[in-house]
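Dear colleague,

Please find the structure below, with the sequence alongside. My notes on what was found follow after it.

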Amino acid sequence: MVERDCPPAPGGALPSEGATRRRLISVAATLLVLPVIPRLAQAATILAVRTWPADEYTRVTLELDSELKAEHFTLENPHRLVVDIEGLTLSPALNDLVSKVRPDDPYIQSLRVAQNRPNVVRMVFDLKQAVAPQVFTLKPVADYQYRLVLDLYPKIAQDPLVAILNKQSGPDVDDPLARILEDIQRNPVTRQDAPEPPLARGQQPAPALPTPPKPSAPSTAGRKRRMLTIALDPGHGGEDPGAIGNSGLREKDVVLRIARRLKSLIDSQPDMRAYLTRDDDYFVPLHVRVQKARRVRADLFISIHADAWIKPSANGSSVFALSQRGASSAQARWMADKENAADLIGGVNLGSHDRQVAKVLLDLSTTAQINDSLKVGSAFLDEIKKINRLHKNSVEQAGFAVLKAPDIPSILVETAFISNPQEEALLRSTSHQEKLAQAMMTGIQRYFTANPPLARIADAAG
Ligand SMILES: [Zn+2]
């Protein structure tokens, strides 16, 4: 895709430097001018076609020079999705889409494209399974022109917890995920990690009574600490590349690599398991990342990013927590706006999700969550400073949408500046990726050692 050396201009929060302001204004001006250019009444031109196949859903994107109307319906026996696009004639680019369907696409078997009527192109997707499609359009943003997006979701959505358990099923008998599933299945109401009832003030803990020896079941009763779930959130993905370095390194790729390394370190701990909010190159809306972490009842949420700034000299790692209001610096606010723009760039069908749920998630942020997040963030900074200089010595705070789970300590790590050539080279190297993962692993352990996890209200309530 087109290289971008400047993140999209966020609304209202321009940094103070003159050069930056000029650059941002010129980007904004370009975006404003485009729709004003008079268009001839002719068929739209397809600029690009892309597919993003993933287990979770497959996205097909048509990028066009004007907005188009599309209608769709599904057929059964065999499963097909038919999309009629008005104002379009067949073109080599559209035929190109047929060759972009990958054999391992979980949803699309094959694709046929034909001129159905004058001015209407019909696309027929032969499917591998029944889908619940979402078809929507996106207006120009960042490097993109008008987009027609077809998201093919499975008709029966996979539970994320079941999904990670399925992936882990295998000969490994000591698999922590299998154990968790076992626990849940064996005792769905009273989790064995349910808390002791709190002692009343002045009450002494009851003396341990001698109990008759029980036959030792292969249970998890002897474990000192409950299984901790760490949600790892590699930023961006799919349509949204994130920031792009000078040599072409894409944020979405490098953060996924780092997250996978950290996942394997976490999974090798006896009492921890990691869950990735995305484990491939596809876009996940910000609120969905939060929902996924809550769905697996994560004890910690770590969003992994790589920073970008207009000046290539900017460098160093940063860690962010949510701010209750405002931001700890103008740059922090600007960063948050930049990362929050992911939904615009990656493309979210705003009509499709439960706005109420999203609003609750966005509105709620408890002081406790932020305090815990600041502690995690400090532990991370202490470790990361051993392998890279810090951009700021303390945890910064800003309104990142992805940090707004009200009940999960959540931090966002900007691992380095991908816009800085030296740091881009570091990010590209596998040894530095591993060092970053190790530093974050140690940070996680330090946090949980200093702040032993409490059983949660949800656990107590069953
Ligand atoms: Zn990012």
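**The six-stranded sheet**

Six strands form an open sheet in the order β10-β9-β11-β14-β12-β13, and the pairing is mixed. Two strands count as paired if DSSP finds at least two bridges between them; helices (H or I, at least four residues) and strands (E, at least two) are DSSP runs, numbered from the N terminus. The edges are held by β10 (272-276) and β13 (396-398); each has a single partner strand, so one side of each is left without a neighbour in the sheet. From one strand to the next, the twist averages 30 degrees.

Please note that this is a predicted model, in which local features need pLDDT of at least 70 and side-chain atom pairs count only at pLDDT 80 or more, while totals for chains, interfaces and linings use all residues. Residues are numbered from 1 along each chain as its sequence is written, and side-chain values use heavy atoms, with hydrogens and water left out.

Strand β12 (residues 318-322) runs parallel to β13, and 3 bridges join the two. A321 has Q397 of β13 as its bridge partner. Helix α5 (residues 251-267) lies across β9 (228-234), β10, β11 (300-307) and β14 (410-417), and runs at about 160 degrees to β10. Axes are lines fitted to C-alpha atoms, for helices over the stretch in contact, and angles run from 0 to 180 degrees between N-to-C directions.

**The four-stranded sheet**

A further open sheet has 4 strands in the order β1-β2-β8-β7, with antiparallel pairing. Its edge strands, β1 (46-52) and β7 (131-138), each pair on one side only. Here the twist averages 10 degrees from one strand to the next. Within this sheet, β2 (residues 58-64) and β8 (residues 146-154) are antiparallel and share 7 bridges; L62 has L148 of β8 as its bridge partner. Helix α2 (residues 92-99) packs on the sheet and touches β1 and β2, its direction making about 10 degrees with that of β1.

**A helix pair**

The axes of α11 (residues 421-428) and α12 (residues 430-450) come within 5 Å and cross at roughly 80 degrees. The two helices are therefore roughly perpendicular to each other (angles under 35 degrees count as roughly parallel, over 145 as roughly antiparallel, 65 to 115 as roughly perpendicular and the rest as oblique). L426, L427 and R428 of α11 make the contact with T430, H432, Q433 and L436 of α12, where contact means heavy atoms within 4.5 Å.

**Backbone details in loops**

The peptide bond from N77 to P78 is cis, with omega near -5 degrees; P78 is found in the loop between β3 (69-75) and β4 (80-86). N119 is not a glycine, yet has a positive phi of about 75 degrees. N119 belongs to the loop between β5 (108-117) and β6 (120-127) and, at 39% relative accessibility, counts as partly exposed. A142, likewise a residue other than glycine, has a positive phi near 50 degrees and is found in the loop between β7 and β8.

**The chain as a whole**

The chain comprises 13 helices and 14 strands. Of its 462 residues, 48% count as buried (buried means under 20% relative accessible area, exposed over 50%, partly exposed in between, with a 1.4 Å probe and protein chains only). Among contacts with a separation of 6 or more, 75% are between residues 24 or more positions apart.

Yours sincerely
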